[in-house]
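This report looks at one protein chain, from a single position up to the whole chain. Have the sequence and the model at hand while reading.

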Amino acid sequence: MKKICIIIITIIGFQTACAQGKILHKDSLLVDIDYLEKIVKEVHPGVYRYNSEQEINSLFKELRYTITDDITEGQLMLALAKAVKKIQCGHTYVNPWNMRKDIRNRLFDKKIYLPLGFEVLNNNMIVTENLSQNTVLKRGDKLISIDGKSAATILDSLKTVVKQDGNNYSPIQAFISLYEILEIRWDVFDI
């Protein structure tokens with residue numbers, strides 16, 4: 001297996017994607033977060049399965065704390081993804097397929113952000129498919145970094161938003177692997 005360091009200047013990354021979308025106003029968002037908290041506490045059947053009431057209260061307090069000013073739809077999506085991940089329910093996550101099409105298009109612009117398929121094995125990103133112009137990359141190569149960020153850093157950041165049930169971390173590697181590279185479908189890495 002060859003170890004490869006990728007420098008990609010033109011790829012739009014997760015942070016760039018999160019800078020997209022309409023501007024949302026702080027005061028309205030805080031009202032929405034209050035409503036979300038009420039709904040989650042009253043309706044979610046497993047909200048206290050892995051968290052105490054105090055932990056759930058802290059989750060929403062932290063979410064409100066991240067809204068210090070007006071933010072974009074993408075920044076809200078990232079904040080919500082980090083917050084709901086702490087509920088630890090695999091059915092509770094920010095799902096782009098449940099968004100209105102216009103919002104989804106603004107956030108992701110129907111672009112593939114990484115023209116590579118990869119599988120996460122033992123916390124390593126292993127190339128499974130290459131649709132980039134770089135023909136040096138081959139199936140089985142290990143990605144060391146992307147655009148100056150180490151693969152380990154990228155994987156660690158993805159783990160803060162990917163869904164999971166309780167303390168079961170085993171499916172996370174499969175969730176953050178990039179299996180299908182299509183223009184109309186996004187994987188966790190793209191999102």
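## A buried leucine

Leu 178 is buried, with a relative accessible area of 1%. Buried means under 20% relative accessible area, exposed over 50%, and partly exposed in between, with a 1.4 Å probe and protein chains only. The model is predicted, so local features need pLDDT of at least 70 and side-chain atom pairs count only at pLDDT 80 or more, while totals for chains, interfaces and linings use all residues. Residues are numbered from 1 along each chain as its sequence is written, and side-chain values use heavy atoms, with hydrogens and water left out.

Leu 178 lies in the segment after α7 (172-176). Helices (H or I, at least four residues) and strands (E, at least two) are DSSP runs, numbered from the N terminus. Between Leu 178 and Val 120 there are 8.5 Å in space, C-alpha to C-alpha, although the two are 58 residues apart in sequence.

## An exposed tyrosine

Tyr 35 belongs to helix α2 (residues 26-43). Tyr 35 is exposed, and its relative accessible area is 56%.

## The whole chain

The protein chain has 7 helices and 7 strands. Along the sequence, their pattern is β-α-β-α-α-β-α-α-β-β-β-β-α-α. The chain has 191 residues, of which 39% count as buried.

Contact means heavy atoms within 4.5 Å. Of the contacts between residues at least 6 apart in sequence, 68% join residues at least 24 apart.
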